[in-house]
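User: I would like to go through the strand pairing here. Could you begin with the terms?
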Amino acid sequence: MSYELNEVLLSEGVIKDRVRELGRQISRDYAGKELIVIGVLKGAVIFLSDLVRCIDNSVKVKIDFLAVSSYGASTKTSGIVRIVKDIDSDIKGCEVLIVEDIMDTGLTLSYLYRLMMERQPRGLRICVLLDKPDRHQAEVNIDYCGFTIPDEFVVGYGLDYAGLWRNLPSIYIVRPSM
Ligand code: PRP
Ligand code: MN
Ligand code: MG
């Protein structure tokens with residue numbers, strides 16, 4: 001089966017405005033503190049790079065990355081979370097913010113939340129651009145959420161189908177082509 005881009009779900013402008021708001025909120029919450037922002041490769045890379053530029057200089061921001069994979073070349077999750085690359089930082093005693101493009105089943109974020117908590121950060125919060133509540137299987141508290149979206153497969157702004165379409169500045173719905 002092949003898939004094709006359908007309608008725009010969230011335009012570039014709508015995303016930009018919301019990311020700016022999230023950055024302001026994070027700036028207020030962490031003013032005067034140091035914050036390690038952890039991006040989950042590869043999906044979060046575009047969101048993270050825009051988000052950190054909307055956090056003002058009252059916060060001492062550091063950036064790190066980890067990579068997990070569960071989807072492979074399918075639109076369905078395998079349910080198995082695999083760490084492909086860990087962060088370089090020692091987060092013990094630090095304020096940490098995990099940044100993700102999307103919470104779908106929640107398996108990735110619930111796994112990462114538990115893994116990072118074991119390392120005893122001072123504070124650990126989660127920021128997602130998109131949340132798809134209809135698909136949740138594991139619950140985890142989201143501290144900053146860009147948009148709640150319906151149960152559609154979406155791509156663009158970091159989100160992929162089989163590795164493609166991450167570069168699109170807007171978020172699109174993908175459906176099987178007839
Ligand atoms: C996607 C997405 C999230 C995760 C969400 O990543 O970027 O990380 O799945 O799904 P879940 O809530 O059901 O766990 P993917 O495994 O496709 O890797 P990628 O970020 O490299 O595209
Ligand atoms: Mn991902
Ligand atoms: Mg993916």
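Analyst: Two strands pair if DSSP finds at least two bridges between them. Strands (E, at least two residues) and helices (H or I, at least four) are DSSP runs numbered from the N terminus. This is a predicted model, in which local features need pLDDT of at least 70, side-chain atom pairs count only at pLDDT 80 or more, and totals for chains, interfaces and linings use all residues. Residues are numbered from 1 along each chain as its sequence is written, while chains are lettered from A and ligands numbered from 1 in the order in which they are written.

User: Which residue in E9 is the bridge partner of Val154?
Analyst: Ile173 is that partner. E8 and E9 (residues 171–176) are antiparallel and share three bridges.

User: What is the strand order of that open sheet?
Analyst: The order is E1-E9-E8, with antiparallel pairing. E1 (3–10) and E8 (153–155) each have a single partner strand, so one side of each lacks a neighbour in the sheet.

User: Switching to E2: why is it largely enclosed?
Analyst: Six of the eight residues of E2 (residues 34–41) are buried, so the rest of the structure largely encloses this strand. Buried means that 20 or more other C-beta atoms, placed from the backbone, lie within 10 Å of the residue's own.

Note on methods:
A residue is buried if 20 or more other C-beta atoms lie within 10 Å of its own, exposed if 12 or fewer, and partly exposed in between; C-beta atoms are placed from the backbone.
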